[in-house]
Amino acid sequence: MTAHFPILQVIIPLLAAPLCLFLRIPRLVGIFAILVSAAAFLISCGLLHQVITQGVISYEIGGWPAPWGIEYRIDTLNSYLLLLVSGVSTIILIAAQSSITKELPENRHTFFYTAYLLCLTGLLGILATADAFNVFVFLEISALSSYTLIALGTDRRALTASYQYLVMGTIGATFIIIGVGFMYMTTGTLNMYDLAERLPSVYGSKTVLSAFGFLIVGVCLKLALFPLHLWLPNAYAFAPSIATAFLAATSTKVAVYVLIRYIFSIFSIDFVTKSLPLGDIFLTLGLAGIFAASITAIYQINVKRLFAYSSVAQIGYMILGLAIGTQLGLTATLLHLFNHALMKAALFLAIGAVVYRIGSSQLHHFAGLGKRMPWTMAAIVAGGLSLIGVPLTVGFVSKWYLVVALLERGWWPVAILVLISSLLAVIYVWRLVEWIYFVKPRVVLDDVKEAPLIQLIPIWMLIFANFYFGVDTRLTVGVSKLAAQNLFGVNM
Amino acid sequence: MEWAPETMLFMTMLVPALAVIGIIATGDKPNLREGVTLTASCIVIYFVSNLYVVVKGGGSVAWSSPDLFPGLALSFFIEPLGMLFSLVAGYLWLVTTVYSIGYMRGHNEKNQTRFYACFAIAISSVMGLAYADNLFTLFIFYEILTLSTYPLVTHAGTASAKQGGRVYLGVLLTTSVLFLLLAIIGTWYVAETVTFTKGGVFNSQTPVIITASLLVLYIFGIGKAAIMPFHRWLPAAMVAPTPVSALLHAVAVVKAGVFTVLKVCVYIFGLELLSKLPTADFLLYLASATVLLASIVAMRQDNLKARLAYSTVSQLGYITIGALLATSAGVVGGAMHIAMHAFGKITLFFCAGAIMVASHKTEISDMHGLGRKMPITMIAFFIGSLSIIGLPPTGGTWGKWFLMTGALDADKYLIMIVLMVSSLLNIAYLLPIPLRAFFTVKKPEEEVTIEEAPLPSLLALSFTALGCIALFFFTQPLYELALAIL
């Protein structure tokens, strides 16, 4: 059984998704979805344990040997991310049942869970596979299901947001498949590790350079690197809250993973930094994204959009870590993948609770909620503090490592810029805090109660995780360092 | 019952934190709630005093957590300066709680539970800061202190409170994130350790440009020490209720700032390296400018709390000067001034709050003849002023004495002149207040309904005023602690 974990990780949610359509009762579907996600989480725990004790796991689907068959390869990097994605997904699903009752009509609930599980499948598949075309397949699965998830939002703008995301996402996916196609043309293989062996001999050819170019642009569209981020704010703002929480915590992280895989495991870091000035490009775009997005966030009146722009800024940090080009820089990026997922999942779930109670996520509707929904608001403040990077939170851990990595590279002006940007985060977070606690509500809020317990529990579980992993960094820092070491080391 | 020293160290931080739970639980029973705070502060005094006995006897108290980051742990070690600071903060918490009871009830303040709870968190973080053994631990508690005092500063919930809170948080977070964190990470990167070590952590090979820049980053980064131009948060924080201003901004928050300055100068740079750094002189003159400019601005303030706020900015400059002089007398003077100024300023703020509760007056020009109605308060004010000015028989004398000696030792005659001129300025902005209160006649059309301050507040301010005098005569323990720093 455990030998088949790599494929079970993906198959279980994949098969569960259409099964949802057979279970008519939405309540049952909700519980079923939680169980499926929990099963995926347990499998990922098992995989991480296996990888740490026994080393890289290589699994051939159907027994067909690679590179002709599709190989799933689990190493430190993807088992860590599998754990993150499945874990966050399970916690978010606990709140889902309650949250979507107010945001989606009853007959759509089953669709929602189906799309959610398909999205989970797609993300887990991208993480687990070692076949370049398989990545594209799962990328499309996750993308199409995310478009569906977003379009299910109550606001009519959800449809346009989903359409915008669809257009840009399809361009991105098309670029990726073009890149994969070019690579296949020159090497004759689709297996990542086989590609890594065969590509060096054709590095000089224009085809390979174009392949790399297309791949990078395609993935950067998916991970919302500035200025390819235009789909993200609307998508996050108008999707159902649970969908936003899930997508914000996972989809861009998985896209960053794909980027890392391509740069380190398929092409090599030497090729990447020498043939293309990727380090400089990422540095410029990363910094531009951080500042542009943070400043835009300050002026938002829709809180979901505010945190969406904040996500774009945080992705900028991750790209910055890659731009540094050292092991420490990659460690910082990997750390932030995990930490940011925790932060944003908590924040968006809390905002989802607010939407559940008052039906809006506009900033001025938060006035006076400090008294009516104390626990939810406290969660927003705690998540905000983590975003700012207050010590003892995960945000601080990420910031520390990023600044150390920048100093090690000698880029202390960039370190100063990073610290200035966290002050921008203080501004947009504190603006929300002031509205929550200092402004008198304009409407009568007597019937607004605290969020239901079923939503508060996952929110506070994630907040607790924010603080726990800010103090006990053995898992996150340990695994990130190990993964970075492996990626910088000789390819497998 | 015998407590292990490490347990006691832990308890000084844990007890206030646990008190928070007690305070919130008894929120709707005010007497019980205040009882929780009073009990907690007595327990803290008990532990801090016992720790003092242990440390005086030569024992070393240390505790370290498992690593938070590889190579960095939350670690604590009681050295003399930390002991001094924790003693001051611990004793004055009890006194301030007594005062707060009088003030908050006399003023009919709302949200008192939140007030006492945040106070307890702030004290807990002060204890953690005082005993921190490395910059990482110190930074954690430094930030917790900033965040836990924000609800106290914005207690009133009004628009001006919100604005004051913005300036407070803005200046403190900007300096701590942009400068202090960068300095700490820079130190970590260059010296590979951030543990406080006698003689400093930098070895002789470190390029001067790096250590000199780090010094500038540290001094600007420690915003709580209120060196100009990062002093604006102090006057802005005066929008807080007076007990907050008294303990936190005359004693705990600002002292955390200058305490950090002293620790960085003595244990990260080391006095020997400090005396050689080119930027130390620049910062010394900046601190002197702060001392003089803040005093001049203080003279122009009519609002009593604002005047006291600028006076604090000026007095903190003294301690920073003491640290940057890089002489042992300067450090001794700075350390002693932490205690002396604490008692003096807290007395002055207590009186300011008492005046506000009893007579609703906040502007100095209104305070004619107050001395007749509130004699104890104004006498206490007078004693506190003497301590700030540095005249016998108050403790402030010793602080100034050693600072002057330190300046002499470093051959910095300009600094000596600055200190002397500043004392004159202190007289100019402090003495008129009690003089006006006692020796001018109040305008006949004013009501005569002013009485002395509420009893708990009166007790508190009398205690601290007597403390100022006591510190003149019974300075020896303090002096020995300060001497033991080096």
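Q: Which class does Leu392(A) fall into at 23% relative accessibility?
A: Buried is the word for under 20% relative accessible area and exposed for over 50%, with partly exposed in between (1.4 Å probe, protein chains only), and Leu392(A), at 23% relative accessibility, therefore counts as partly exposed. This is a predicted model, in which local features need pLDDT of at least 70 and side-chain atom pairs count only at pLDDT 80 or more, whereas totals for chains, interfaces and linings use all residues. Residues are numbered from 1 along each chain as its sequence is written, chains are lettered from A and ligands numbered from 1 in the order in which they are written, and side-chain values use heavy atoms, with hydrogens and water left out.

Q: Which peptide bond in chain A is cis, and which residues does a cis peptide bond join in chain B?
A: In chain A the bond from Phe226(A) to Pro227(A) is cis, its omega being near 0°, and Pro227(A) belongs to the loop between α8 (206–222) and α9 (232–238) of that chain. In chain B a cis peptide bond, with omega about 0°, links Met228(B) to Pro229(B), and Pro229(B) is found in the loop between α7 (208–221) and α8 (233–236) of chain B.

Q: How can the length of a helix such as α4 (residues 109–128) of chain A be checked, and how many of the residues of α4(A) are buried?
A: The expected span of a helix is 1.5 Å times one less than its number of residues. For the 20 residues of α4(A) this gives 28 Å, and the end C-alpha atoms of the helix are 28 Å apart, which agrees. Of its 20 residues, 18 are buried, so α4(A) is largely enclosed by the rest of the structure.

Q: Where do Arg198(A) and Asp194(A) lie in chain A, and where do Glu272(B) and Lys276(B) lie in chain B?
A: Arg198(A) and Asp194(A) lie four residues apart, about one turn, in helix α7 (residues 192–198) of chain A, and their side chains meet in a salt bridge at 3.2 Å, N to O. Asp194(A) is buried, with a relative accessible area of 13%, whereas Arg198(A), at 41% relative accessibility, counts as partly exposed. Glu272(B) and Lys276(B) are also four residues apart, about one turn, in helix α10 (residues 271–276) of chain B; they meet in a salt bridge of 3.6 Å, N to O, and both are exposed. Salt bridges that share partners also join Arg33(B), Glu34(B) and Arg105(B) into one network.

Q: What is the area buried between chain B and chain A, and which three residues of chain B supply 22% of the area it buries?
A: The size of an interface is often given as the accessible area lost when the parts come together. Buried area is summed over both parts (1.4 Å probe), and between chain B and chain A it is about 2,700 Å², with carbon and sulfur atoms giving 81%. Phe69(B), Ile185(B) and Tyr189(B) supply 22% of the area that chain B buries against chain A, more than any other three residues. In terms of contact (heavy atoms within 4.5 Å), 27 residues of chain B meet 29 residues of chain A.

Q: Which side chains meet in a salt bridge of 2.6 Å, and which elements of chain B give two or more residues to the side that touches chain A?
A: The count between chain B and chain A is one salt bridge, in which the side chains of Arg166(B) and Glu434(A) meet at 2.6 Å, N to O. Elements giving two or more residues to the side of chain B that touches chain A are β1 (62–69), α5 (135–153) and α6 (159–191) of chain B, and α6(B) contributes the largest share, 14 residues.

Note on methods:
Buried area = accessible area lost by both parts, 1.4 Å probe. Salt bridge = Lys/Arg side-chain N within 4 Å of Asp/Glu carboxyl O.
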